[in-house]
Structures are given as structure tokens and as C-alpha cells.
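I opened the model and kept short notes on what I looked up. The entries follow in the order I made them.

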Amino acid sequence: MKIDRRTFLKTAGTALVGSALPVSLVKVAFGAADSARDFTFGYISDAHIQYIKGKDFVRNWDMGLKRSIMEANLLSPRPDFFMFGGDLAQLGMKEELDHGLDIMSSLRGEVHYVIGEHDYYLDLGEYWQEKIGPLYYSFDHKGVHFVVLNSILTYDGWTHKDWDSPMDRMKAMARLDNPEGSPFMVGEEQIAWLRKDLEKVNKGTPLCVFSHSPLQKIFKGWNFWTEDAEKVQALLKPFRKATVIYGHVHQVQYNQIGNITFHAVMATAWPWPYPESYRQAASCLPKLTVHMNRADPFFERDATGWQYINVMDGKAAMHYQLPDNENRSVVYNHRTGYPEDAKYQDYADRVPPQKHY
Amino acid sequence: MDRKYKFILQCAAFMATLMSCIVFAAPLGLPPVPIPPDNPITPEKVELGDKLFHDKRFSSTGEVSCANCHDRAKGFSDALPVSEGINKLKGTRNAPTVINAVYLKTQFWDGREPTLESQSAQPFINPVEMGLQNHDPILKIVQNDPEYLKLFERAFGKSGSEVTMVEVEQALATFERTLIGGNSPFDRYFYGGDKTAMSPAAIRGLDVFINQGRCVSCHVIEQTQALFTDNRFHMIGVAAHQMPKDLGELSAAVEHVRQKGADIAVLSDPKTSSLGRYAVTRDLTEIGAFKTPTLRNIELSAPYMHDGSIETLEEVVIFYNNGGRVNETDPVPELLSGGIRPLNLTDEQQSDLVEFLKALTSPEFARQ
């Protein structure tokens, strides 16, 4: 069985990477019965566009977003659409959102946006809604039901406490390990909306939920965490094929909780270390996750990137495009029932990661 | 004659003999030469490889040998921006030096061949290099020429029809494995403990190279040796304007590679050439990425970069100081490697850096 599984994954990984060739001509045969419904979408996230002054923005973050867009524009066959996974801005400023959207405008294809805390806590999403659209919504594509959640809300008492300024609030939420911080949550209002939205969806329909924070609890100190994750998970539980894709963590992460498959996406700005390397608080990094190798800080793009995602039989196969590092593919294995790295999942195949930072 | 003087003379003669023979041990600053188990170095093979390397009959016009573009007098390069093959046909890439090519993990600017052996067979049959249709004309010569009959017999114990391209490639590669150059002023300063081996400007340049210039991150110097390459591929901004602007252009270039094969496609069209490593791996993250070349003997092999587009070392330093741009006002390419950014070096730091680069020349290859 072990060899069968590995062969399956390696074959799946290779075939899919093949689809990256801009030979519009490569035919990707998945062998699935309804492969006509298989499709690809692109996912770019966590650009953290940062305003300095005048017309100056942090070059490194601009370059990361531009690079991923350039690569994405050269992907063939073309993805059906793109997602942006949140944190377009660093401190929620209009300048940052405008500049970020200006860069994003060169991305060829339809884009759906997820809001991140860095976009939100200055004006509580006001400018975002004006320029981009609603903070949570759903849509259908080729037989898959997609839901976008705003998962970076928190307790009203914290959001509306007596801040010196909105920027104070923004900076407090942006700070890691902030003892005065507050955990992310989806909130009752949105959960009620989600319940209603999902009521009309057949439970056999593949479901894919996008959020900025993980809809699972990994590491509280950095808000790799959603306080009411269990409540959202409960609503996804009746679906036979449920996938959650989130940004925020800037690293390869994947997990399986019951029927729900979780995948993180990369940042275009900078990589975070794995919380395991940081001992000040308990970390519940999924055992399934095979770590990325540590980034070489000389190469500013190392361990950043973006991904294209094949949806096959209603489940996601993640293809991480990682300049200056090794590209990774994490593919849902229908046989084992969880996502696996196409190359490194077996312990024998792993390259021990560097864990000191 | 004074006995002491006689002894010195004898030593000198002995050293001269050593120098003219094959240098098996690595010179100061270089690691041991990697030798594949199936192709050990022998003096007979080196002699044969040397002759093959210089034989102009292995081209369709009878005018081009390997040495045309890899000329000992020009640092085993050709002093041209891009190489000229038969009938002065131009390729798209600058001839890389053969000196120390043995240490590279892949061959050609895009690493499309893994070994010196496999690399050596390609230029013969490239239409803009030596222009043969296939390797048959070479085999015809090496299987019948009386001199080659003798040399192949001595080197491989084979002659006539027993000789195939395998032996031709092995002999060429063996000759190239002897073209190693260390023992530069830098090596004597850094590894040999001779603090006077480099000029004060070059010593300051080494500091720029390691620190503010960020050069060392790709052009690697280690504690006991320095290959001045990381054997990786980076998009540093050279010829960014040639790169495919959209999917249509990229698809056309890839189709070109698919139909003609990488070796012929990349040398026949600047746009296809600009794909760099991508032409080999089809990995989107490697579009426009080229192999880090060694910097040893760099003074001997102007002009520079994979397309020979920069004439002098001074201008190369300006290019890097501008963050991978010839002019400060040029646009920043979207796919630029994350290691390349403006360096803010002063004029003095830049000229010191050039002095350091000039201290990487091995005495045996230096221009006389």
C-alpha cells in the first residue's frame, strides 16, 4: 500500500507540475470520471504593501507582489480566476491599498479578495469595502461552492476600546506576541450568515472556504488562530468535501480535521518561521505538515511565493511557487483521506529542516 | 659554478617540468579536482584531448575548433560579446571560460548539460557554432587519421572503428579537467598568509566584496577554498528587455525550444536565450535565471555577463550598484532575483572592488 500511495502522489505531483508549462498544448489527464469539472485557480496573498512617505513604498514588498503577478501571468493553461488572500496593506492606509490595487491591476484574470487584519484595523474595512467590495460573500464555480470569510474580527470590547487613534489600534493588532492583543474570530453575525448560505448547498457539493487566519487553532501568540474556529468547522462538517485555504501564516501548512482539509498559502512579502522554533507559547502545528527549509535572508524572495491550485474531484492540490527555494506540491490523497506532500511526506524522503532562527 | 646556485637551477628545472606536466594536485585556493570514476585523468588522454580541442576539421567549414571560442591567449574565452562560429555566425551567449569549468555542477549558462563530457559534444552540431549535421564527420577523422589512431590507442586502447563519441568526449573533458587556475594574488593573501600579495586597494575591495557589495553570497568564498560560484541560477537583470513580455511570447519561445531542442534554440534567438534556466526546467520561478559564473581570471575574459553586454569590470560593478540595471533610471525587472538590490557603494568602493576582481588572475593564465 505504501508504494502505491507514493507512486500515486509522485505521479499526481508530476502531472500537475506539467500543467505549469506554458505549452498551452499540454493535456493534463487526471483520469477522474468527471475531469471536465477539474480546474485551476491562482492564489496570491500577504503582500503587506508598506507606505514610507511621498511616493515611496518598501521596495522588497512591492517586488514580491510584482514578481508573483508576473509569474502568474505566465502560467498556462490560464487559471479560471485568482484569489488574493488578505494583508494587501501593512497598516491599512489608503495609500497602501491604492498602491497595492494598482500593482494588482496588472494581474490578468478575475480576482476575488479576502481581507486581512492589516487591511482592516485602521478604518474597520471602510476603504476596503469602498474600493474592493464586501468583506464576506460566496460564489459558485464549476460545481464548487466557494465562501470568503472575514475571519480577523475580534471582541467588540477590544476593537472599540478607548484607543488614542485608529492607527494605535492597527499597530496593536499588527504586533506579534502582544500581551494586550486579542484573538481573531469570525463572530456570531457572520456565522449566522454562513449557516444560511450553506443551507441551500447540497452536502455532496465540494465546498471551499477562504479566510485570512487559519480556521483552526495553531499558535495563539501570532494569531495563527481563530477563536471560534470550532463553530465554523461544525458548519463545514456535513459536507463530504470541505477545504479551507488561509493566508496570514506565510508558510506551508496543511492539516486534516475530520472531513475538512486545511491549506495555508505563501506570502509574497516575507516568510515566517515555524512556531515550533519559538518556545514562549504552546504550538499546535499539524503533524502532517512537512516544514519548508529555512529561508536564506540574502535572497529576499526565498520562502515567499504564491500558488496555483488544481481542484480535482472537488479537492485542492496546492502547487507552491517558491523562488530561490524548492517548489512544493501538497496534494489531497483520496485514498488516505488527507493532504500529502508529493515528494517529502514519507519520513524517509524528508530533508531535515533547519529549525534555528 | 657555485654549488648552491646549481642546486637552485636544478630546482627551477624540476619546477618547470612539473608546471608543463599535468597539474593533478589543486593549486592554492581550490578544492581537489573532481574526477568521474569512469574517466580517470591520464597524460595520454590529456594529450589527445588537447589535440581534439584544437582540431578545426571538426567543423563544417574546417575553420572552427573548440579553441576558436575558448582561446588560451584570451583566458580560454574569445573576447567577443557573443561567440562567432562557422561563417562568422553569431550565437546569443558569451563564451564562458574553460578554466575551472571542471568545478561547475552543470555546464552552459543555463546548466543544460550536467558534465564536461556531455557538454563537449554539443557545439560540434550547433548550426551557429561548428555547424556539423551530426557527429559522423568527427568519427570518420578519428577512426582513420594515422595520428589519431596512435593517440586513441595510447589513451583508450582502442582505435579505428572501436572509437566512438564516448572516447572523444572523455578525452576533451579530460583535457579540460587540467585547465584549473588558483594561486592568484587573492589566494596567496587569503589562504597563503602573504599579506603583501594584494594591493591595499584590492584588500579594501575584498571587504566590499564580502560586506556591503553582497557579492560573496553568490560568488562564494569559503574557509579553505573559493570557487566564486554557488552553482545556482539567478535572474540578475541582464538583458531583461529581451525577456518574453507575455504568455504569447513565452509560449512561442517554449515551442521553439520544444521543436529545436534547447541547445540549438537558445543560441539562435535572443528571446529564446533570455529564458535562461527556464528553458531547461520550465519552472516559472527560474525565468531569466542564469548560472553564477566563477570570477577567477575574470580580468581575462571581457566582455561580461551571459550575453557579453557589459564591456568592462568597472561597468559590471556599476550595473550591480544600480541593483541589476545599466542605468539608474532603467525599470526594475519584475522577476529580478531577491538577492539583487541597489548597493549604495561610493566611487572609491567601486574602484576597490574592481581592483579586487583583478587580483583573481592565476599567474599561469595571465596575459604576458
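I began with one pair: M318(A) stands opposite V330(A) in β14(A). Strand β13 (residues 315-321) of chain A is joined by four bridges to strand β14 (residues 328-333) of chain A, and the two run antiparallel. I took strands as DSSP runs of E, at least two residues, and helices as runs of H or I, at least four, numbered from the N terminus. Two strands pair if DSSP finds at least two bridges between them.

I noted the limits. This is a predicted model, where local features need pLDDT of at least 70 and side-chain atom pairs count only at pLDDT 80 or more, while totals for chains, interfaces and linings use all residues. Residues are numbered from 1 along each chain as its sequence is written, and chains are lettered from A and ligands numbered from 1 in the order in which they are written.

I then traced the sheet. Seven strands of chain A form an open sheet with mixed pairing, in the order β5-β4-β1-β12-β13-β14-β15. β5 (111-113) and β15 (338-341) of chain A are at the edges with a single partner strand each, so one side of each has no neighbour in the sheet.

I counted elements next: chain A has nine helices and 15 strands.

Last, I looked up the other chain. I found 24 residues of chain A in contact with 18 residues of chain B (C-beta atoms, placed from the backbone, within 7 Å). Helix α2 (residues 59-73) of chain A gives the most to the side of chain A that touches chain B, with six residues.

Note on methods: Contact = placed C-beta atoms within 7 Å.
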